[in-house]
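This briefing concerns one protein structure and is arranged by topic. Please consult the sequence and the structure shown here alongside the points that follow.

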Amino acid sequence: MSDAKEAAHEIATKIAQGRAYAKELNGPDLESYNAAMNLLWPHRLPLHSVVEEYLAARERLNGESLLSAAKEFARRHRHSDKPVQEVVDELLASKKHDGLSLRYIQSLRGHLKNGFAQAFHTNIGSITASMIEAWLAGLSVGPRARNNIRNSIATLFQYARSHGYLPKDQRTEAEHVARAKDRGGKIEILRPQELDKLLKKANAEATLYLALGAFTGLRSAELIRLEWHDVNFDRGHIIVGKEKSKTATRRLVPIQPNLAQWLAPYRGRTGRVFSSEHSADRTIEFAKSLLKKWPNNALRHSYATYRLAETHDAARVALEMGNSQTMLFTNYRELADEHDAKAWFAIAPKRSKKVVPFAAA
């Protein structure tokens with residue numbers, strides 16, 4: 001009881017001393033003190049703690065105005081944060097509405113909805129680059145797959161920024177995440193006899209997909225987006241429009257003489273070359289069932305290899321494929337010789353009266 005009285009007495013003494021000090025103030029000092037106390041009263045903040053915080057902030061700002069710093073902070077954080085899962089759902093719906101390929105949307109869904117969003121049950125604005133890096137490091141995937149997932153996350157964060165869920169005038173946290181070092185895996189290709197075996201047993205859909213992929217080197221997404229008006233039978237080339245190309249640049253791909261024979265029955269067709277975006281998946285499943293092994297990007301890698309061996313012209317083949325000349329020369333040189341190339345581009349259907357051969361461009 002005596003301790004409580006002593007503490008109360010000490011508090012009362014301090015209050016009395018403060019009031020006594022306040023009474024000693026006069027003129028502008030007293031007005032300033034009273035004005036400060038009136039401003040602080042609604043916030044229930046003691047004057048000395050406010051002064052201490054203000055001085056500490058000014059010291060960190062090297063003399064910069066605290067108000068201007070606060071305004072800049074508010075400007076940078078003027079956005080409507082949202083849960084990761086909601087932003088993922090919006091992104092997927094947006095990509096579907098924009099008509100992007102089913103395979104691309106499936107890839108985004110696998111990386112984001114079934115992966116990233118399951119790991120981060122929080123608002124997107126609270127996720128840092130270090131958190132993303134730690135999550136990526138814990139995945140049991142190679143460097144190329146990790147970079148693909150990182151790209152999907154970057155796409156998500158860019159979407160969030162463009163829609164006001166992240167600051168619009170700053171780089172996103174995903175952009176600060178370093179790419180994994182990818183030295184590239186071993187390039188594997190099909191042998192002419194393997195492709196010939198597939199084409200002899202394939203149905204019409206798989207035959208068309210295999211022939212176009214093997215003898216043009218088009219990417220799977222480019223093949224699925226192809227329309228018959230892109231196939232110029234008279235001039236002997238296929239137009240890959242910038243809206244259908246991965247690199248968003250237009251290019252012409254020559255129709256090789258043997259490919260002309262595979263395409264001849266389709267002359268005069270209109271509309272999409274492949275009616276379903278699942279054509280690629282069905283063809284690959286068929287190929288795996290017959291060969292038991294299907295190298296990654298088998299058709300495109302094979303075309304690049306045999307075309308380079310045939311022409312000895314990396315610049316020309318790079319233009320046809322929409323690749324860099326350096327990458328083409330580094331990855332595909334000397335994987336096959338001219339004899340192999342001749343056998344590859346000699347694979348053709350059995351002669352038919354419907355075939356209308358023409359020279360390649």
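Lysine 292 has a relative accessibility of 76% and therefore counts as exposed, the threshold being over 50%. The model is a predicted one.

**Loop between α13 and α14**

- Lysine 292 lies in the loop that runs between α13 (279-291) and α14 (298-311).
- The phi angle of lysine 292 is near 70°, which is a positive value in a residue other than glycine.
- Asparagine 297 is also placed in the loop between α13 and α14.
- Although asparagine 297 is not a glycine, its phi is positive, at about 55°.
- With a relative accessible area of 43%, asparagine 297 is classed as partly exposed, because that class covers values between 20% and 50%.

**Largest nonpolar core**

- The largest nonpolar core comprises 53 residues.
- Leu212, Phe215, Leu263 and Trp294 are the residues with the most contacts inside this core.
- Helix α10 (residues 204-216) supplies the largest share of the core, namely eight residues.
- Leaving aside residues up to four places away in sequence, leucine 212 touches Gly217, Leu223, Leu226, Ile238, Leu259, Leu263, Val273 and Phe274.

**Another core**

- Another core, of 28 residues, lies apart from the largest one.
- Among the residues of this other core are Val84, Ile124, Ile153 and Phe157.

Note on methods:
Residues numbered from 1 in each chain as written. Predicted model: local features only at pLDDT ≥ 70, side-chain atom pairs only at ≥ 80, totals over all residues. Heavy atoms only, no water. Core = buried A, V, L, I, M, F, W, Y, C linked by side-chain atoms within 4.5 Å. Buried < 20%, exposed > 50% of the residue type's maximum accessible area, 1.4 Å probe, protein only. Helix = DSSP H or I, 4+ residues; strand = E, 2+ residues; numbered from the N terminus. Contact = heavy atoms within 4.5 Å.
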